[in-house]
Amino acid sequence: MSSAPEDTFPIPSRVREGSVWVDRTGRRELTGHTASGVEIPIGQGEGRVTPGELLKLALIGCAGMSSDFTISRRLGEDFPMRIYAHGVSDEHTNRYETIDEQIQLDLSEVSEDEAEQLRRLIRSAIGVGCTVERTLAEPPEIGHQIDHAPASRRLATAADEAPQA
């Protein structure tokens with residue numbers, strides 16, 4: 001399923017596969033969208049994901065995808081895996097100084113030497129194949145283009161939703 005931004009604003013010509021966007025849905029609340037139709041509630045309330053959590057999810061999601069083939073060659077196609085990302089942003093610098101990944105695997109069927117070799121191969125696979133980690137290691141230039149784009153509608157407010165007398 002492919003999705004495009006609804007018509008509140010004109011759709012930029014640069015939107016294509018791989019484009020993502022957010023729509024403001026309330027005070028400090030957004031909904032993230034992917035071109036494939038996935039929606040992610042962003043914010044700090046219940047049922048929402050913070051931007052920092054999204055960053056960490058992107059990092060460990062990329063690590064998992066980058067290492068999947070390497071791990072499956074050693075542990076079989078149906079291996080269980082869980083990856084955590086640990087890190088809290090520094091309130092003074094407003095950035096993550098450290099993010100630690102923790103990969104859990106069942107290594108009971110391999111020797112300690114094989115497990116250590118697999119650990120090295122996993123680190124290598126992530127280092128070579130994880131676009132997110134490589135981008136964080138050497139940050140890209142980020143531009144901010146701010147366009148005037150008259151909206152076709154406005155968010156509903158509490159006053160709009162109050163019953164009429």
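The legends below describe close-up views of a predicted model.

Local features are given where pLDDT is at least 70 and side-chain atom pairs where pLDDT is 80 or more, while totals for chains, interfaces and linings use all residues. Residues are numbered from 1 along each chain as its sequence is written, and side-chain values use heavy atoms, with hydrogens and water left out.

**View A. Helix α1 packs against helix α2.**
Helix α1 spans residues 51–75 and helix α2 spans residues 112–129. Helices (H or I, at least four residues) and strands (E, at least two) are DSSP runs, numbered from the N terminus. Two packed helices are described by the angle between their axes and the distance between the axes. Here the angle is about 145 degrees and the axes lie 8 Å apart. Axes are lines fitted to C-alpha atoms, for helices over the stretch in contact, and angles run from 0 to 180 degrees between N-to-C directions. The crossing of α1 and α2 is right-handed; a crossing is left-handed if the near helix is turned anticlockwise from the far one by less than a right angle, and right-handed if clockwise.

**View B. Residues in the contact of α1 with α2.**
From α1, the contact is made by C62, A63, S66, S67, T70, I71, R74 and L75. From α2, the residues are L118, L121, I122, A125, I126 and G129. Contact means heavy atoms within 4.5 Å. By class, the residues of this contact are nine nonpolar, four polar and one charged. Ala, Val, Leu, Ile, Met, Phe, Trp, Tyr, Cys and Pro count as nonpolar, Asp, Glu, Lys and Arg as charged, and the others, Gly among them, as polar.

**View C. A salt bridge joins E29 and R48.**
The structure holds four salt bridges, each a side-chain nitrogen of Lys or Arg within 4 Å of a carboxyl oxygen of Asp or Glu. For E29 and R48 the N to O distance is 3.4 Å. E29 lies in strand β2 (residues 29–34) and R48 in the loop between β3 (39–42) and α1; the pair is 19 residues apart and links distant parts of the chain. E29 is partly exposed at 29% relative accessibility, and R48 is partly exposed at 21%. Buried means under 20% relative accessible area, exposed over 50%, and partly exposed in between (1.4 Å probe, protein chains only).

E97 is partly exposed, with a relative accessible area of 47%, and R95 is partly exposed with 47%. E112 is exposed at 56%, whereas R119 is partly exposed at 30%. A network of salt bridges links E112, E116 and R119.

**View E. Cysteines C62 and C130.**
A disulfide is a covalent bond between the sulfur atoms of two cysteines. The structure holds zero disulfides, counted as pairs of cysteine sulfur atoms within 2.5 Å. C62 is buried at 12% relative accessibility, and C130 is buried at 0%.

**View F. Positive phi at R28 and N94.**
Phi of R28 is near 55 degrees, a positive value in a residue other than glycine. R28 sits in the loop between β1 (20–26) and β2 and is exposed at 65% relative accessibility. N94 also has phi near 55 degrees. N94 belongs to the loop between β4 (81–86) and β5 (100–105) and is exposed, with a relative accessible area of 67%.
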